[in-house]
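Good morning, and thank you for the time. Please look at the structure on the screen while I go through a few of its features in turn.

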Amino acid sequence: MELPVGLQFDEASPEWFSKADNAWQLTAATLVGMQSVPGLIILYGSIVKKKWAVNSAFMALYAFAAVLVCWVGWGYQMSFGTELFSFLGRPNVALDEKYLFTQAFGGKLPNATMIYFQFVFAAITLILIAGALLGRMNFHAWMLFVPLWVTFSYPITAYSIWNPNGWLASKGLIDYSGGYVIHLASGVAGFTAAYWVGPRATVDKERFPPNNILLMLAGAGLLWMGWSGFNGGDPYNVSMDASLAVLNTHVCTATSLLTWLVLDIIFFGKPSVIGATQGMITGLVCITPAAGVVQGWAAIVMGMMSGSIPWYTMMILHKQIKLLKHVDDTMAVFHTHAVAGSLGGILTGFFSSPKLCRLFYLVDNWQHYIGLAYGIHDGRTMAGLKQMGIQLLGIVFVVVVNVVITSLICLLLRLIVPLRMTEDDLKIGDDAVHGEEAYALWGDGEKFNGSKHNSVYGMEDFAVPSKA
């Protein structure tokens, strides 16, 4: 039977190539790219104090551009190319036509599509790290930090976990779409970098209200909707598993947002918009390592846990643990990404379904992917415990790699350029750093500010209603 004209093989569409899969993969990649540009640009530029709006947004835009140049120059091959070590590939350029038109390591896709898809994940990881450093990092230091980190840190975790030849991938670690590679890594790296860079100016730490909550919600909305590509694109094909991943993503996120919102109302007496946004983010992060390998009911349970456990670490433990209080993590990236990403990885090890893992991995030895809950149910408890052990091993590995390498990068950079802005620049903000300001009206932006929030941690400003 002859194929329709549009599906026939030719020089531009070889037999291994799927037009449908390629179309979805490019779409998914663009959705993920829009999470950063303009999503996080808008979110960062609006959630910070007015005097830091330009600097915060531009840190994100710069990272997006710088990562792409590094990615096609050497980063992709170090993450997904020929093995150099069991945790790292050989650096090489990924721009040659012959290489770009060769079938990628996964799916019925050309390397050109896979390079683009994996780039937007690498880029958003650096932009998430920036969230911990807003409002004080020397921009010239940031310009150097981005290429160094995407060269020496990101490829190690990406190769180890996502490359089929990586040592953690070989052990059977389940990270569907980046709970480890992106979120845990960015949360730990951001927190570590914040330690070395130092805190914001005292006045900014004490009062750091968002300059535009409505724009913040617009950025958050782009982030949420873009996650359809973030998780839906990782099977590398148009499959039922991709559909499940998208639905689970939104179910978990909605549940997490509502859980966080209810906790804010119960303990602080107000339905916080900033709090709801944080709950949205923790839900997105938590479901990411599990999106296509857990059932819908598990996604709801994960949403309830991602809306409560990071809430507790951010609102309660953050004020009690000395290290957390000492490190000035502007956007609470440690809580929303490191804590939520670790939680997602652990829950993946508990809830992952063998049948869904088979649909996702499409390998002969799919049986060893089994969550502890199913291991207990099926009489394979040891296999389930082994999976949990591998998930925990992955967390330890990502934490150690990112603490060590991020620290080394920061220590190196401060020999070349100050990591933190001068006190004078910290007082002025955008105009001192870039010679530009976000708004032409309202002077310094403080006179008409009626926000109840000091920062993302600012819920303590809400008094619990009296029951008298």
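I shall speak about the cores, the cysteines, some helices and a few backbone details. Please keep in mind throughout that this is a predicted model.

The largest nonpolar core has 116 residues. Leu 126, Leu 133, Trp 142, Phe 145 and Tyr 154 are the residues with the most contacts inside that core. Take Leu 133 as an example. Setting aside neighbours within four places in sequence, Leu 133 is in contact with Met 59, Trp 142, Gly 190, Ala 193, Ala 194, Val 197 and Thr 330. There is also a second, separate core, of 19 residues, and among its members are Ala 245, Ile 287, Ala 299 and Cys 357.

How many disulfides does the structure hold? The number is 0. A disulfide is a covalent bond between the sulfur atoms of two cysteines. For a pair to be counted here, the two sulfur atoms must lie within 2.5 Å. Cys 286 is buried, with a relative accessible area of 0%. Cys 357 is in no disulfide either, and the nearest cysteine sulfur, that of Cys 286, is 16 Å away. Cys 357 also counts as buried, at 0% relative accessibility.

I turn now to the helices. Helix α6, which covers residues 154-162, is mostly covered: 9 of its 9 residues are buried.

A pair of helices comes next. Two packed helices are described by the angle between their axes and the distance between the axes. The axes of α4 (residues 111-131) and α8 (residues 179-197) come within 8 Å and cross at roughly 30°. Are these two helices roughly parallel or roughly antiparallel? Angles under 35 degrees count as roughly parallel, and α4 and α8 are therefore roughly parallel to each other. The crossing of α4 past α8 is right-handed. Where they meet, α4 contributes Phe 121, Ile 124, Thr 125, Leu 128 and Ile 129, while α8 contributes Val 181, Ile 182, His 183, Ser 186, Ala 189 and Gly 190.

Tyr 99 belongs to helix α3, residues 97-100. At 22% relative accessibility, Tyr 99 counts as partly exposed. Beyond residues up to four places away in sequence, Tyr 99 touches Tyr 76, Gln 77, Ala 94, Asn 111 and Ile 115. Tyr 99 and Asn 111 are 12 residues apart along the chain, and their C-alpha atoms are separated by 6.8 Å.

Finally, some points about the backbone. Val 37 and Pro 38 are joined by a cis peptide bond, with omega at about 15°. Pro 38 lies in helix α1, residues 19-47.

Which residues other than glycine have a positive phi? Tyr 236 has a phi near 65°, and Ala 332 has one of about 55°. Tyr 236 sits in the loop between α10 and α11 and is buried, at 11% relative accessible area. Ala 332 sits in the loop between α15 and α16 and is buried as well, at 0%.

That concludes my presentation, and I welcome your questions.

How values were computed:
Residues numbered from 1 in each chain as written. Predicted model: local features only at pLDDT ≥ 70, side-chain atom pairs only at ≥ 80, totals over all residues. Heavy atoms only, no water. Core = buried A, V, L, I, M, F, W, Y, C linked by side-chain atoms within 4.5 Å. Buried < 20%, exposed > 50% of the residue type's maximum accessible area, 1.4 Å probe, protein only. Contact = heavy atoms within 4.5 Å. Helix = DSSP H or I, 4+ residues; strand = E, 2+ residues; numbered from the N terminus. Axes fitted to C-alpha atoms, helices over the stretch in contact; angles between N-to-C directions. Parallel < 35°, antiparallel > 145°, perpendicular 65-115°, else oblique. Left-handed = near helix turned anticlockwise from the far one by under 90°.
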